[in-house]
Amino acid sequence: MSQAVSILGSTGSIGVSTLDVIARNRDKFHVLALTANSNVQKLAEQCSFHDAACAVIARAELANDLTAALRKLGCRAKVLSGTEGLLEAAGLSQAQIVVAAIVGAVGLGPTLAATAAGKKILLANKESLVIAGSLFMQAAKAAGATVLPVDSEHNAIFQSLPAGWQKGLQACGVERIILTASGGPFLNTPASKMAQITPGQACKHPNWEMGRKISVDSATLMNKGLELIEAHWLFGADPDLLEVVVHPQSIVHSMVAYRDGSVLAQMGTPDMRTPIAHALAWPERIEAGVERLNLTRMSELTFREPDLERFPCLSLAYAAMRASASAAITLNAANEVAVEYFLDSRIRFDQIAAVVGQVLERADGTMVNSLEHVLEIDQTARSYAMERIREIQ
Ligand SMILES: NC(=O)c1ccc[n+]([C@@H]2O[C@H](COP(=O)([O-])OP(=O)(O)OC[C@H]3O[C@@H](n4cnc5c(N)ncnc54)[C@H](OP(=O)(O)O)[C@@H]3O)[C@@H](O)[C@H]2O)c1
């Protein structure tokens, strides 16, 4: 039977790749609801092409424009809008699968709503786990939701773990979880040149095509830091178990090392449609439309330690993961603000880490036990980040 899929953030890079995989597997999946923030035209075209039943635009003032664009294309999809619309779409009873592909902390509310509704969640929105890992995993357990990682590293780890790993990694003989990092476009850029990096250069990733925010995070290595925290919550991994190695070719997507010396890796060409297809069909395998890996045509696979001095964001994330849940929320919020200002050319590339570092100093170790508390810490960190930015501008 064909499964109904809702995609939160369908107009973004992950959303578009997911729709491509669905289109290749129409006998198995169909689209139920699609959402965007402001890209009315693209959302309307997607809804029309995939015959979606529901279209949601987060910016409520664009609801009439969306209705007009849909009707012009002959699409009768129901239109919802604003935060309420996103939450409603996330929990629609007809959906079996919800793809969480909104970028940033703003994705947490809808992702949690889908989780509470007991859906199969394809999690791309890593920020949900970074800022509310404990709440999120508890909500999934309570509602019987299945959380499947779409992030390529976590998907690779998931594929390299044995059945029953949920009972405890050490009990399964896991000694280390090794996340690979491409190193981003500035892997070999000297520290003295970091200040001149432009948003255009930062968004040009050598191996992956992604949205602008995650592209900058990949360039600062903050993305790898967020992924460490994501892995910590997703796999119940002690921070000491988690390691990062730089692997510029992005062929090995991550690895799990076992007590007997075995290291299991998942490999493939760098294309997000592989982890998306894996998570959509799990435990089966479906066509993803990706270029096949040809080992004999590959020049070499190399691995090296990350340079924490040139990429201080990774150290900051390690520190936040070890410190407290509120430190992780603070790290993420400060980073989101700093990246936005960098993308607007209002601060320099090297100032992203400086802002995050200063804001992180203010984080305390208070317990975080509700969504309201998460959002309060997030807001405080954002205000403080903007203050710091005003000082350096
Ligand atoms: N891209 C990748 O290869 C990749 C890999 C691993 C993990 N991820 C994670 O997946 C998530 C999505 O990444 P992406 O690269 O696909 O991002 P993206 O291309 O920037 O797309 C973001 C999506 O979220 C929507 N959105 C943005 N702000 C919103 C708001 N305030 N309210 C509601 N919706 C909003 C956007 O709508 P509009 O189009 O209307 O702006 C768009 O549909 C991120 O958490 C990222 O870390 C991405």
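The legends below describe close-up views of a predicted model.

Local features need pLDDT of at least 70 and side-chain atom pairs count only at pLDDT 80 or more, whereas totals for chains, interfaces and linings use all residues. Residues are numbered from 1 along each chain as its sequence is written, and side-chain values use heavy atoms, with hydrogens and water left out.

**View 1. The shell around the ligand.** The ligand is surrounded by 25 residues, each with a heavy atom within 4 Å of it. Thr-11, Ser-38, Glu-127, Asp-151 and Gly-211 are the closest. By class, the shell holds 12 nonpolar, 10 polar and 3 charged residues. Here Ala, Val, Leu, Ile, Met, Phe, Trp, Tyr, Cys and Pro count as nonpolar, Asp, Glu, Lys and Arg as charged, and the others, Gly among them, as polar.

View 2. The side chain of Thr-11 places an N or O atom 2.7 Å from a ligand oxygen. Gly-9 uses a backbone N or O atom, at 3.3 Å from an oxygen atom of the ligand. Ser-13 also uses its backbone: an N or O atom there lies 2.9 Å from a ligand oxygen. On its own the ligand has 900 Å² of accessible area, and the protein covers 86% of this. Such areas come from the Shrake-Rupley method with a 1.4 Å probe; for residues, only the protein chains shown count as cover. Helices (H or I, at least four residues) and strands (E, at least two) are DSSP runs, numbered from the N terminus.

**View 3. The parallel sheet of 7 strands.** The open sheet runs in the order β4-β3-β2-β1-β5-β6-β7, with parallel pairing. Strands pair if DSSP finds at least two bridges between them. Neighbouring strands are turned by 20° against each other on average, direction ignored. Axes are lines fitted to C-alpha atoms, for helices over the stretch in contact, and angles run from 0 to 180 degrees between N-to-C directions. Strand β1 (3–8) joins β5 (97–100) over 4 parallel bridges. Ser-6 has Val-98 in β5 as its bridge partner.

View 4. Contact means heavy atoms within 4.5 Å. Helix α5 (108–116) lies across β1, β5 and β6 (120–123), at about 150° to β6.

**View 5. The mixed sheet of 4 strands.** This open sheet has the order β9-β8-β10-β11 and mixed pairing. Its edge strands are β9 (242–246) and β11 (263–267). Strands β8 (174–181) and β10 (252–258) pair antiparallel over 5 bridges. Arg-176 has Ala-257 as its bridge partner in β10. Ala-257 also stands opposite Val-263 in β11. β10 and β11 are antiparallel over 5 bridges and form a hairpin with 4 residues between them. In the turn, Gly-261 has a positive phi of about 95°.

**View 6. Backbone details in two loops.** Trp-282 and Pro-283 are joined by a cis peptide bond, with omega about 5°. Pro-283 sits in the loop between α11 (273–281) and α12 (312–323). Asp-51, a residue other than glycine, has a positive phi near 55°. Asp-51 lies in the loop between α2 (40–50) and β3.

Terms used:
Polar contact = N/O pair within 3.5 Å; in protein donor to acceptor, adjacent residues only side chain to side chain.
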